[in-house]
Amino acid sequence: MKTYGDNYQIGGIQSGNVWIGVQPPLGIAGDPMRLMFEKDLTPHPQYAAYYKWLQNDYQADAIVHFGMHGTVEWLPGSPLGNTGYSWSDILLGNLPNLYIYAANNPSESLLAKRRGYGTLISHNVPPYGRAGLYKELISLRELIAEYREDTEKNTALRDIITQKIIDAGLERDCKFTEGEKQGISFTVENSKLFSKQVINNYFVEVYEYLQILEQRLFSSGLHILGKKPDAENLYAYLEAYLAEYCPPEPVLQAICQGSDRETILSIYHGYMGQQYANSKYHIASDHIEKAIVVRDLLLQTTDEMTNLLRGLNGEYIPPAPGGDLLRDGAGVLPTGRNIHALDPYRMPSPGAYERGREIAKKIISEHLAENDSYPETVAVMLWGLDAIKTKGESLGILLELVGAEPIKEGTGRIVRYELMSLDKLGHPRIDVLANLSGIFRDTFVNIIELLDDLFQRAAEAEETPENNFIHKHYLALKEQGIDNASARLFSNPAGDFGSLVNDQVVDSNWESGDELANTWTKRNSFSYGRKDKGQARPEVLQQLLKTSDRIVQEIDSVEYGLTDIQEYYGNTGGLKLAAEKSSGKEVEASFVESFSKDTTPRKLKDLLRMEYRTKLLNPKWAEAMADQGSGGAYEISQRMTALIGWGGTANFQDDWVYDQAADTYMLDAEMAKKLQDANPEAFRNIVGRAIEAHGRGFWDTDDEKLEKLRELYQSAEDELEGVTL
């Protein structure tokens, strides 16, 4: 509690008639989110005083919440709409609330509207960048390319390439399957046990994987409100948006430099005349038209600031759907709009249903190939954000697993998920543990009731247990006298949000994986449906965890992947850990990047390695973040914390990630100074997480490097404490 004499201290800066403050922390020591997610606890006095001071003493005419997401709209109270007794209602009162929010997060923005009365001003995502290759990855690609030119002549390169693959940890990304079949690890000496053709084929696999890494997208820095992109940034946006339909470089450059339509088409046709023999340049002119439209809309990014000022003047802010540029294109532009989501009575859309079915079939096929049996239970993560942005692809996954299809009434609204025959389905009905995010739980009540109805009918269907695992597990629970044995939709307690696993990791407040697993289980044992509105059903949850063979989830954006935010390891990692504790076996998690057209599920550790190579360890990403000052340093710090989270929940312990992170951000004197000057708290966390990783056994490193990190940490501590020597 910050006090000054008998008064609370309200920290902020007065600038003319504008007061700028930082929202107070809501938690308590060792449990920073507790007061936000406990319905029976009130916000602490200083937090309440902060908002009451704004209303009553400062008498603000309006308030601007800057950046997603704050905490006031998540306070205890009615989850679907405020009453006079909801804490968000009490603290915001009648203050007009303008809320600056990322355009690609229509899910959480719903709470800012529904519980914070927010008028949203959407902002753009940062420009996209291609990861490219760097350091040893460039060298390795060049070596493989040279080797492949003449494998007989360049035999001497074979051992060098093998060693570089091992040094870079790439044998974990690209499994040497011929060696794995025989239980032989991939080393320079062991590689000599295999034929030249086998090794050559493996080098080709590695080369192709490097090409995938090179083309991966990431967010290049941070967005500045109201700043329209220059030609270089326009090129990055459009090149990522158009992807394989991207026009030749001179044409795209002309678009980004502001040339008119006639000039651009003239350049295009002239270029095509020279390149007519090369089919890859035969791009339909309508893609050029799309690029021009998106360019013009991106140049309206200035509307972000214009509409903020309009809002402060009490004027109308035009609405627009929230979404992702890569997936939804021009429909989500220009930014600066009051974003909304979609009609929940039309989920999944026809396209989302078919894509979801395709993903589910791949999950089933992969499991069948690896285990020679069908999965009995698959945990499906139903999150509000990806459901809104994809129009319900995760629902399509669930429906294919269970064997059901949406039935619509005359208006087009979905009124039932109907079981299809086993003959039509082509595989057993797979049981599902549907883990609902708090946003999904509160936003899609109609879908939850339809799913609950579906699971009850599937559980009671007169089918053999071998063909219907939902029925099989239902019978086992009924024999134990368990009530509502068809419950399959689980989330946090009503009105609460989050697993709290990530909060334990952030606070380093945990000793073992079992502790994190228990936290997840306690927070997610609450059932929802037509009958249950948050009733605890721990016995049903334990049955589903015990039989879970697989977890599947969609990742909805380039900006926020597995390694970027704490929610993925806190929820999906926590579920994986809880399932493994219950079943006593490893449970695979698979992810689909729904912002792309590819429906291929990637395994957890494979995707973690790919993301770390293309983001955290990539000099282009590192420099882009460091150049953003305090905010960029914070983003780096967040990802170091997430690295610990994945170590704790998924046993991710690849030394090369920690080694390269230490070299990039801590042991590079210039980078370390830049980060420490910009954000000393973030820099201390970056170094502290590396030391913590070693202490927890996630990272094996030498004493000399560890001692340097300890000295850096002490230096960062001293600076924050104001110690001078």
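Visitor: Which residue just after H12 takes a positive phi of about 90°?
Guide: Helix H12 covers residues 249-256, with helices (H or I, at least four residues) and strands (E, at least two) taken as DSSP runs numbered from the N terminus. Just past the end of H12 sits the residue you want, with its positive phi of about 90°: Gly258.

Visitor: What pLDDT do side-chain atom pairs need to count here?
Guide: Residues are numbered from 1 along each chain as its sequence is written, and side-chain values use heavy atoms, leaving out hydrogens and water. The model is predicted, so to speak of local features takes a pLDDT of at least 70, totals for chains, interfaces and linings use all residues, and side-chain atom pairs count only at pLDDT 80 or more.

Visitor: Which residues of H12 are buried?
Guide: Buried means under 20% relative accessible area, exposed over 50%, and partly exposed in between (1.4 Å probe, protein chains only). In H12 the buried set is Val251, Leu252, Ala254, Ile255 and Cys256.

Visitor: In what order do the three strands of the open parallel sheet run?
Guide: Two strands pair if DSSP finds at least two bridges between them. Strands S5 (63-66) and S7 (118-123) are the edge strands, each pairing on one side only, and the twist averages 25° from one strand to the next. That gives the order S5-S6-S7.

Visitor: Which residue in S7 is the bridge partner of Tyr99?
Guide: Strand S6 (residues 97-102) runs parallel to S7, and six bridges join them. In S7, Tyr99 is partnered by Leu120.

Visitor: What angle does the direction of H4 make with that of S7?
Guide: Helix H4 (residues 106-114) packs on this sheet and touches S6 and S7, where contact means heavy atoms within 4.5 Å. Axes are lines fitted to C-alpha atoms, for helices over the stretch in contact, and angles run from 0 to 180 degrees between N-to-C directions. For H4 and S7, the angle is about 150°.

Visitor: Which helix gives the largest share of the nonpolar patch?
Guide: S5 and helix H15 (303-312) each give two or more residues. The largest share, three residues, comes from H15.

Visitor: Why do S18 and S21 each have a side without a neighbour in the sheet?
Guide: Eight strands form this open, mixed sheet, in the order S18-S17-S16-S15-S12-S19-S20-S21. S18 (533-536) and S21 (602-603) stand at its edges, so each has just a single partner strand.

Visitor: Which residue in S15 is the bridge partner of Thr377?
Guide: Strands S12 (residues 377-382) and S15 (residues 431-436) pair in the parallel sense over six bridges. The partner of Thr377 in S15 is Asp431.

Visitor: Which residue in the hairpin of S13 and S14 takes a positive phi near 95°?
Guide: S13 (residues 404-408) and S14 (residues 414-419) run antiparallel, joined by five bridges. Ala404 stands opposite Leu419. Five residues lie between the strands, and the hairpin's residue with that phi is Gly412.

Visitor: Is Lys135 buried or exposed?
Guide: Lys135 is found in helix H5 (residues 135-149), and touches Pro619 and Thr664, not counting residues up to four places away in sequence. Its relative accessibility is 52%, so Lys135 counts as exposed.
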